[in-house]
Amino acid sequence: MREEVKRILGIAIPLIIICIISGAALTATYGLTEERIEAVEQQKINESLSTIFLGASFTEMDDYYIATVSGEEIGYAFIAEGTGYGGTIRTMVGMYPNGTISGVSIISQSETPGLGTRIAEPDFTNQFSGKRIEGVRLRRDGGVIDAITGATISSRAITDIVRERAEVVMNETR
Amino acid sequence: MENLLVIAVGAIFVNNIVLSRFLGLCPFFGVSKKTSSALGMGSAVIFVMTCASAITWPIYTYLLLPFNLEFMRTVTFIVVIATFVQLIEMVIRKYKPGLYKALGIYLPLITTNCAIMGVALLNAEEGYSLIGSVVNGFSAGIGFTLALLLMSGIRERLEFADVPKSFQDLPIAFVSAALLALAFMAFSGMRL
Amino acid sequence: MKLDELTKGVFKQNPIFYLVLGLCPTLAVSTRVDNALGMSLGVFFVLVCSNVIISLFKHRIPPQVRIPCFIVIIASFVTIVDLFMHGYAPELHERLGIYLPLIVVNCIILGRAEAFASKKSVFDSFLDAVGMSIGFMLAIVGIALCRETLSSGKIAIFDYTIVPTFTQSPSVMMTLPPGAFLTIAVIMAMIKYKAIRKEGR
């Protein structure tokens with residue numbers, strides 16, 4: 001019996017030690033990189049905020065930002081995300097209080113390179129500026145946005161993501 | 001509430017795990033020479049993938065997320081999946097020798113099958129609920145089996161084809177996979 | 001010959017074309033040359049570190065649980081790469097997506113641990129890992145170069161254009177899954193063709 005216990009311990013202990021060392025090493029690495037990763041993520045958000053309301057400052061609310069220029073409220077910014085063709089698309093959307101989109105900027109996406117990734121290019125995203133939220137649909141779906149040739153799914157996904165979230169925020173801020 | 005049908009159809013056809021996500025390619029080319037072994041491998045993958053989705057979900061949601069341990073998910077998932085596959089192998093060998101004969105040889109191969117791990121990671125990434133994860137795992141398994149069966153059917157016929165020498169075996173299998181992937185791309189036009 | 005341990009992975013036993021291991025990341029990430037380079041860097045780090053560590057402790061690891069031990073060691077290095085890439089190369093990290101953590105199930109790494117590092121000396125294992133990583137890099141970057149060139153109509157690495165746009169109608173299909181399968185099929189057939197020619201002489 002004691003032999004048996006010894007044998008099992010002989011197998012189990014090295015495995016446990018490896019797991020402990022690995023856990024410790026990972027926690028240490030995480031501690032080292034945590035701040036940096038958070039800074040990177042925050043910077044992505046700040047960059048996209050500044051592209052949709054030029055020169056504005058932002059106050060963070062529950063799930064959207066209020067954009068102000070010299071103390072005056074000019075609009076709202078919010079993150080809209082949903083599933084595209086290849087994975088999650090995260091966008092930052094700016095909207096004026098009257099329900100017009102001020103701008104859209106892609107924070108992250110993993111669409112097909114060369115096709116779906118073109119949703120992140122200004123040629124496509126600039127189309128949103130100045131459009132009413134009801135019109136944010138592809139032309140073939142009765143809206144005013146031109147889809148990217150060969151990437152209808154990605155284009156449709158982003159219009160749906162933006163419009164649905166914009167409607168929610170519109171109701172919240174009213 | 002996520003639409004389970006959308007998840008299922010998406011995982012089987014639109015984002016077929018082999019032909020559009022490139023996961024599980026090693027067994028896809030390794031075990032696709034005969035329809036019978038393709039079926040065995042496929043059922044083993046469906047079973048393990050469904051269970052792995054069901055097991056990794058609570059671990060991720062109740063253990064890793066609350067304690068801010070998300071960064072440990074790679075280690076945790078792989079260890080859990082490897083342990084689970086080992087356990088299943090032992091249980092089946094003891095209680096269902098017939099089933100073990102049919103599936104047993106494929107089980108060890110599954111531990112390093114990136115499709116299983118990939119589905120667990122995708123569930124976490126997409127933030128599915130428990131039921132959503134299980135449906136996604138099961139459907140991805142079906143998608144894998146479907147691709148494997150189609151491929152084995154093609155390769156069985158290729159045996160009798162006069163393929164140029166340098167294209168024999170693997171290269172022609174890759175060409176067939178390319179055509180199969182092209183066919184599956186048609187599904188991406190579906191409106192879900 | 002020590003040099004053999006290094007060069008065999010590059011040509012004679014190239015992990016992709018001869019051993020047919022690690023196909024998943026090769027096909028998934030080879031849409032662009034910079035993604036392919038990032039992926040090979042990750043694989044290089046993980047493969048070298050895990051090979052050396054496993055070889056160092058090969059006598060301490062009980063044979064009955066060697067696979068779980070290898071997996072834990074490999075997964076730890078993968079997570080380290082993942083965290084550092086997220087902090088210092090966020091764009092690359094995003095583009096590689098789930099294929100970065102999936103290095104852990106890359107058959108090359110566990111395969112080398114099992115077949116080589118757990119038996120040979122530390123230095124040999126190091127050379128083996130370096131050779132295999134270079135072989136992997138050559139294969140994946142080569143495939144990526146073919147695919148990116150054909151799908152964008154120009155040759156560019158990072159943002160430096162080497163050959164300017166030579167066609168206005170590139171084949172977008174090459175970035176999509178079928179293109180990946182076709183590219184690797186043609187490369188493999190070319191290698192086979194050369195081998196057959198050599199034998200015939």
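How many residues of chain B are in contact with how many residues of chain C?

Mentor: This is a predicted model, in which local features need pLDDT of at least 70 and side-chain atom pairs count only at pLDDT 80 or more, while totals for chains, interfaces and linings use all residues. Residues are numbered from 1 along each chain as its sequence is written, and chains are lettered from A and ligands numbered from 1 in the order in which they are written.

To the question itself: 32 residues of chain B are in contact with 33 residues of chain C, two residues being in contact if their C-beta atoms, placed from the backbone, lie within 7 Å. On the side of chain B that touches chain C, at least two residues each are supplied by helix 2 (25–30), helix 4 (73–95), helix 7 (114–126) and helix 9 (170–185) of chain B. Helices here are DSSP runs of H or I with at least four residues, numbered from the N terminus. Helix 9 of chain B gives the largest share of that side, nine residues. By class, the side comprises 25 nonpolar, five polar and two charged residues; Ala, Val, Leu, Ile, Met, Phe, Trp, Tyr, Cys and Pro count as nonpolar, Asp, Glu, Lys and Arg as charged, and the others, Gly among them, as polar.

A residue is buried if 20 or more other C-beta atoms lie within 10 Å of its own. Helix 8 of chain C covers residues 177–200 and reaches 35 Å from its first C-alpha to its last, close to the 34 Å expected at 1.5 Å a residue, the expected span being 1.5 Å times one less than the number of residues.

The largest nonpolar core has 120 residues, of which Ile78(B), Ile116(B), Met117(B), Ile74(C) and Leu102(C) touch the most other members. Such a core is a set of buried Ala, Val, Leu, Ile, Met, Phe, Trp, Tyr and Cys residues joined through C-beta atoms within 7 Å. Its largest share, 13 residues, comes from helix 4 (residues 66–88) of chain C. Leaving aside neighbours within four places in sequence, Met117(B) is in contact with Phe77(B), Ile78(B) and Ile81(B), as well as Leu102(C), Val104(C) and Val105(C).

Conventions: Buried ≥ 20, exposed ≤ 12 C-beta atoms within 10 Å, placed from the backbone.
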